[in-house]
Structures are given as structure tokens and as C-alpha cells.
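Subject: Structure for you to look through

Dear colleague,

I am handing over the structure below, and my notes on it follow. Please read them with the structure open beside you.

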Amino acid sequence: MSAELVPMDVPSGLRASHADRDRVVDALTAAAGDGRLTAEEHEERVGAALSARTLGELAELTADLPDAAGAAPVKDVVRIEQQASSTTRGEGWSVPRGMEIDSEWGDVTLDFTRAAITHDTLHIDLDLRGGTLRLITRPGVVVDTDSLVIGYGTTKVRPAGKPGAPVVLRVEIHGRLNMGRLEVRPPRRLFGRKTATAT
């Protein structure tokens with residue numbers, strides 16, 4: 001994988017570009033999806049990739065992974081369309097750049113506690129008519145609802161972790177919420193252990 005992402009004939013001390021970092025992040029996400037990296041390893045390596053200055057630093061992050069040719073890339077936009085149904089994105093899901101959520105009398109749960117985060121911003125275009133949009137966050141995930149139009153609905157936003165934590169992902173929610181509920185909260189604790197199970 002490292003040979004494909006960082007060509008061998010290029011000096012390892014050469015400065016990395018944004019495109020170089022993006023390719024490595026995509027490869028790490030594919031490896032996490034295959035079970036080759038744990039969520040913690042993925043998060044650590046993605047952070048290192050985004051702050052890498054040289055191609056050599058990037059190569060080290062994928063040196064122990066096989067060739068990623070043919071691996072499915074993270075989608076730019078994911079659409080959820082449902083009626084009187086429930087959808088959950090849970091452990092290990094890859095966060096896209098954008099989501100379109102069209103839900104009528106149904107619940108949508110997006111759990112970010114162990115998600116593969118490869119972009120710094122997620123844009124959500126929401127059309128929720130009844131039901132709940134539930135975001136389960138972790139420290140570093142912030143949610144912006146300033147552009148959300150609410151009609152006969154409620155919002156409850158509880159930040160995860162202490163204020164001032166480095167921002168890992170900014171979730172921007174646009175669109176409309178009618179006769180529904182937006183709930184943003186950290187994972188619940190049961191018997192002294194963290195859990196992201198939504199009820």
C-alpha cells in the first residue's frame with residue numbers, strides 16, 4: 001500500500017500535499033473497514049496523516065497494510081430515505097462528506113463514538129417530518145444547528161467532553177425539522193461502562 005500511495009522514486013523528505021494526505025486517509029479508512037485496524041488505531045493514524053509534513057511520514061502509516069487496490073472509497077454523499085422506519089449508523093461506519101436524510105415518522109441514529117472520521121466537516125441536509133434524529137457524539141465532534149428551520153419540533157444538544165477539546169468533526173445540519181426531535185448527546189454510561197446504545 002505504501003508503495004502505491006507514496007511512489008518509491010519520490011524522496012521521502014518531500015513535502016506532502018493535501019491530496020497525498022487524503023489518499024492515505026482513504027486507505028486507512030478502507031483498512032479499518034476490512035478489520036485490519038481498530039477504531040483507536042484508525043483514529044490515531046488519521047490524526048497523524050492529517051498533520052504529516054512529508055511523504056515519508058505518510059508512508060510509515062500504511063507500511064504494515066496490504067495493497068488497497070480495489071478498496072471501496074468513502075462516499076461523498078449518503079442518502080437515507082424512509083417512512084415509518086428506523087435507521088442506525090453504528091460502530092465502524094465511515095462518515096461521508098455529506099448526508100441527505102428524508103425521514104417521515106421514523107428515527108435516524110448516527111453514532112460517532114467509534115465511526116471512521118476522514119473529513120473535518122459533515123453536511124447534513126435534513127427533511128424530518130415526525131420522529132427523531134439522534135446524534136451520539138464524542139469529544140471533538142461539534143454540531144451546528146444554526147441553519148436548521150424548526151416547525152413544531154424540539155432540539156436538545158448536549159456536548160461531549162470538556163469545552164476546548166480539539167475539533168475532529170464539525171457536523172452542520174441544514175434543512176427542516178417538522179413535528180420531530182433533534183437529540184445530540186454523548187454515549188450513555190451503564191454499570192460504569194460507556195455505551196452508545198440508543199433507546
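Contact here means heavy atoms within 4.5 Å, and helices (H or I, at least four residues) and strands (E, at least two) are DSSP runs numbered from the N terminus. This is a predicted model, in which local features need pLDDT of at least 70 and side-chain atom pairs count only at pLDDT 80 or more, while totals for chains, interfaces and linings use all residues. Residues are numbered from 1 along each chain as its sequence is written, and side-chain values use heavy atoms, with hydrogens and water left out.

In the helical part, Arg21, Val24, Val25, Leu28, Thr29 and Ala32 of α2 meet His42, Arg45, Val46, Ala49 and Leu50 of α3. The residues of this contact divide into seven nonpolar (Ala, Val, Leu, Ile, Met, Phe, Trp, Tyr, Cys and Pro), two polar (the others, Gly among them) and two charged (Asp, Glu, Lys and Arg).

Turning to the strands, which pair if DSSP finds at least two bridges between them, β6 (residues 121-136) runs parallel to β10 (residues 169-178) over nine bridges, and His123 stands opposite Glu172 in β10. Strand β7 (residues 141-144) also pairs with β10 in the parallel sense, over four bridges, with Val143 opposite Val171 in β10. Strand β8 (residues 148-151) is joined to β10 by four bridges, and the two run parallel; here Ile150 stands opposite Leu177 in β10.

With kind regards
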